[in-house]
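Please read this briefing alongside the sequence and the 3D view.

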Amino acid sequence: MRQNADRPSFFQSISPRWCGFQCVCVLVLTNGKFVSDPDTPPQFLLARTFSDYEVQLSWEPPKEANSEILYYIVRVWNESSEVWQNVTDTAVVISVDSESRYNASVSSWTRLGDGGVLIYISFSTIDTVPFDPPQNVSLVNLTSSSVTMLWQPPTQPNGILLHYTLYYSDNTTVTEQHIPVSELDPVSPGEDLSYRLSGLRGGQNYSLWLTSSTLQGDGGVHTDPLNLLTPEDATGPPAHPACPALPSPEGLTALGSDTHTPSSLLHPPIHITSLSI
């Protein structure tokens, strides 16, 4: 008898997934494909404070899910409370008490479970100062007068980030450029923020570094300086057109009685056009 292709088939194997126990791991074959639990947890878990009572958690799917993710289980807790939530998206807004420190974890679930792996972070709803600077800073698109800086938010902002400050120095003066968070395009977790710095001088050495600030300040932490040399400015005043070479005196022939020059060259004709009024 031919087996129905849509009917799941079950296979058993012995797997030492949990140390000290011999466990039966069930693999489900559905529509010709094996279904297993994830080998890696979700990625890039980030907490962003919306208000004193709301925090958004966002993340990316696991790198090795092994099969379709059906949902995520989010757990948020502190010393006095605990919240569990089942979501199908990669972001969720959680209600929290004001002025407290929390822990959060996210696990991804297939038909066979979460694989026992999860991602975990700590965050605070109290506005303090960041514990670390912006992450993964780099410079791209360098010209003689501008450069674009790319970065990711600090991993422990400890409050609502209000702005970033870009410092740049030409070894004689230090200039700062405030970058409000509200003016930056929103990005997904793991993607870079960007800002184009203009007004640089060509052929000049610069050092650039970045800080992030809550209402309480930047915490005195900043990124390591990045050094660059802007290319020379290729634009400048237009070149003068070359003057035609004048003939040497030896090459000039004096006009005299022995030189027969057409009268049309000596006295070019004047053409007068009559106008009718």
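This is a predicted model: local features need pLDDT of at least 70, side-chain atom pairs count only at pLDDT 80 or more; totals for chains, interfaces and linings use all residues.

Residues are numbered from 1 along each chain as its sequence is written, and side-chain values use heavy atoms, with hydrogens and water left out. The protein chain has one helix and 17 strands; helices (H or I, at least four residues) and strands (E, at least two) are DSSP runs, numbered from the N terminus.

**Overall make-up**

- Of the 277 residues in the protein chain, 33% are buried. Buried means under 20% relative accessible area, exposed means over 50%, and partly exposed is in between (1.4 Å probe, protein chains only).
- Among contacts in the protein chain with a separation of 6 or more, 59% are between residues 24 or more positions apart. A contact means heavy atoms within 4.5 Å.

**The largest pocket**

- The largest pocket holds about 920 Å³ of space. On a 1 Å grid over the protein atoms alone, a pocket is an open set of points with protein on both sides within 12 Å along at least five of seven lines, where a cavity is a set of points where a 1.4 Å probe fits but cannot get out. Grid points are joined across faces, edges and corners, and the volume is the space filled by probe spheres set on the points.
- The lining of this pocket has 41 residues, and Leu-46, Ala-47, Arg-48, Pro-153 and Pro-154 lie nearest the centre. Lining residues have an atom within 4 Å of a point.
- Strands β4 (43-51), β5 (54-60), β10 (119-124) and β11 (135-140) each give at least two residues to the lining. The largest share, seven residues, comes from β4.
- By class, the lining has 21 nonpolar, 16 polar and four charged residues. Ala, Val, Leu, Ile, Met, Phe, Trp, Tyr, Cys and Pro count as nonpolar, Asp, Glu, Lys and Arg as charged, and the others, Gly among them, as polar.

**Nonpolar cores**

- The largest nonpolar core has 18 residues, and Leu-57, Trp-59, Val-74, Val-76 and Phe-123 have the most contacts inside it. Such a core is a set of buried Ala, Val, Leu, Ile, Met, Phe, Trp, Tyr and Cys residues joined through side-chain atoms within 4.5 Å.
- At least two residues of this core come from each of β4, β5, β6 (71-77), β8 (91-95), β9 (101-109) and β10.
- Another core, of 16 residues, lies apart from it and includes Leu-166, Ile-179, Leu-193 and Leu-197.

**Strand pairing**

- β6 pairs with β9 in the antiparallel sense over seven bridges; two strands pair if DSSP finds at least two bridges between them. Val-76 has Ala-104 in β9 as its bridge partner.
- β6 is also joined to β7 (residues 82-87) by six bridges, and these two strands run antiparallel. They form a hairpin with four residues between them, and Trp-77 stands opposite Glu-82 in β7.
- β11 and β12 (residues 146-152) run antiparallel and are joined by four bridges, with Leu-139 opposite Met-149 in β12. Five residues lie between the two strands of this hairpin, and Asn-141 in the turn has a positive phi of about 55°.

**Single residues**

- Most residues other than glycine have a negative phi. Phe-44, which is not a glycine, has a positive phi of about 55°; Phe-44 is in strand β4 and is partly exposed at 47% relative accessibility.
- Asn-171 also has a positive phi, near 75°. Asn-171 is in the loop between β13 (163-169) and β14 (174-180) and counts as exposed because its relative accessibility is 61%.
- Pro-130 is in the loop between β10 and β11 and counts as buried because its relative accessible area is 2%.
- Thr-211, in strand β16 (residues 205-213), is buried with a relative accessible area of 4%. Leaving aside neighbours within four places in sequence, the contacts of Thr-211 include Pro-134, His-163, Asp-218 and Val-221.
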